[in-house]
Amino acid sequence: MSAVPPVLLIDGRSGTGKTTLASSVASALTASTVVHMDDLYPGWEGLDEGARLLVEWILTPFSERRAGEWRRWDWERSARAETHLVPSDRPLIVEGCGSSSRASRILADTVLWLDAPVVQRTDRLIGRGDGVDWLAEWTLQEDSFIERERPDLDAGLRIEATGAADQVSSLVLDALRRDEAGRWNSWLRV
């Protein structure tokens, strides 16, 4: 295995398929840890705080080859819950809005911006059955974050998630296989 496990950040607006993609990439690796930004945000107004905590709790220790430690946000109780460890001996995949800030990108090996048309994203969100009463407020936070941090422009990989999930996953896995530094090769299943 690689001496230095790589970090993949998957950012994009709500409903682009980031969680599904992260799961697919993780299953194509011999080992990995997946962190969901939804578990870091301290509630519906917490996109920026979640982005900050990602760097502080997870990416900085990982970059120093130490285990990261974070506490899950319990959405029902509106409070922090149990603690989770992020081992530093396997690749790390972080998915979610706000995962790619200027501070996080310098600690990552591969940064991906996942995009999809607004109608498709909204249909996906409605299809989840969670309701979308939070969407207008959340979209304002996404807009502000994207304008300030430019994850859409500064990503090394940009993928339009307009096709089926397996097609999107195939595009991303092909890009990881072609990584010039070979950071992913020893971790990808044949």
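Q: Happy to start inside. Which element gives the most to the lining of the largest cavity?
A: That's α5, with three residues. Keep in mind that this is a predicted model.

Q: Good to know. What volume does the largest cavity have?
A: About 40 Å³. The count of cavities of 30 Å³ or more comes to one.

Q: And which residues line the largest cavity?
A: The lining is made up of Asp11, Gly12, Arg13, Leu47, Cys97, Gly98, Trp113, Glu142, Phe145 and Ile146. Two elements, β1 (7–12) and α5 (135–149), each give two or more residues to that lining.

Q: How does the lining divide into nonpolar, polar and charged?
A: Five of the lining residues are nonpolar, two are polar and three are charged.

Q: Let's switch to helices. At what angle do α2 and α5 pack?
A: Helix α2 (residues 47–63) packs against α5 at about 50°, and their axes are 9 Å apart. An angle like that makes α2 oblique to α5.

Q: Which residues meet there?
A: From α2 you have Leu47, Asp48 and Ala51, and from α5 Trp138, Gln141, Glu142, Phe145 and Arg148. The contact of α2 with α5 has four nonpolar residues, one polar and three charged. Leu47, Glu142 and Phe145 from this contact are also among the residues lining the largest cavity.

Q: Nice link. What about α1 and α7, what's the angle there?
A: Helix α1 (residues 18–27) and helix α7 (residues 165–177) pack at about 55°, with 10 Å between their axes. The two are therefore oblique to each other.

Q: Is the crossing of α1 and α7 left-handed or right-handed?
A: Right-handed, as α1 passes α7. On the α1 side the contact is made by Thr20, Leu21, Ser24 and Val25. The α7 side brings Ala165, Val168, Ser169, Val172, Leu173 and Leu176.

Q: How many charged residues are in that contact?
A: None: the contact of α1 with α7 has seven nonpolar residues, three polar and no charged.

Definitions and conventions:
Residues are numbered from 1 along each chain as its sequence is written. This is a predicted model: local features need pLDDT of at least 70, side-chain atom pairs count only at pLDDT 80 or more; totals for chains, interfaces and linings use all residues. Side-chain values use heavy atoms; hydrogens and water are left out. Axes are lines fitted to C-alpha atoms, for helices over the stretch in contact, and angles run from 0 to 180 degrees between N-to-C directions. Helices (H or I, at least four residues) and strands (E, at least two) are DSSP runs, numbered from the N terminus. Angles under 35 degrees count as roughly parallel, over 145 as roughly antiparallel, 65 to 115 as roughly perpendicular and the rest as oblique. A crossing is left-handed if the near helix is turned anticlockwise from the far one by less than a right angle, and right-handed if clockwise. Contact means heavy atoms within 4.5 Å. Ala, Val, Leu, Ile, Met, Phe, Trp, Tyr, Cys and Pro count as nonpolar, Asp, Glu, Lys and Arg as charged, and the others, Gly among them, as polar. On a 1 Å grid over the protein atoms alone, a cavity is a set of points where a 1.4 Å probe fits but cannot get out, and a pocket is an open set with protein on both sides within 12 Å along at least five of seven lines; lining residues have an atom within 4 Å of a point. Grid points are joined across faces, edges and corners, and a volume is the space filled by probe spheres set on the points.
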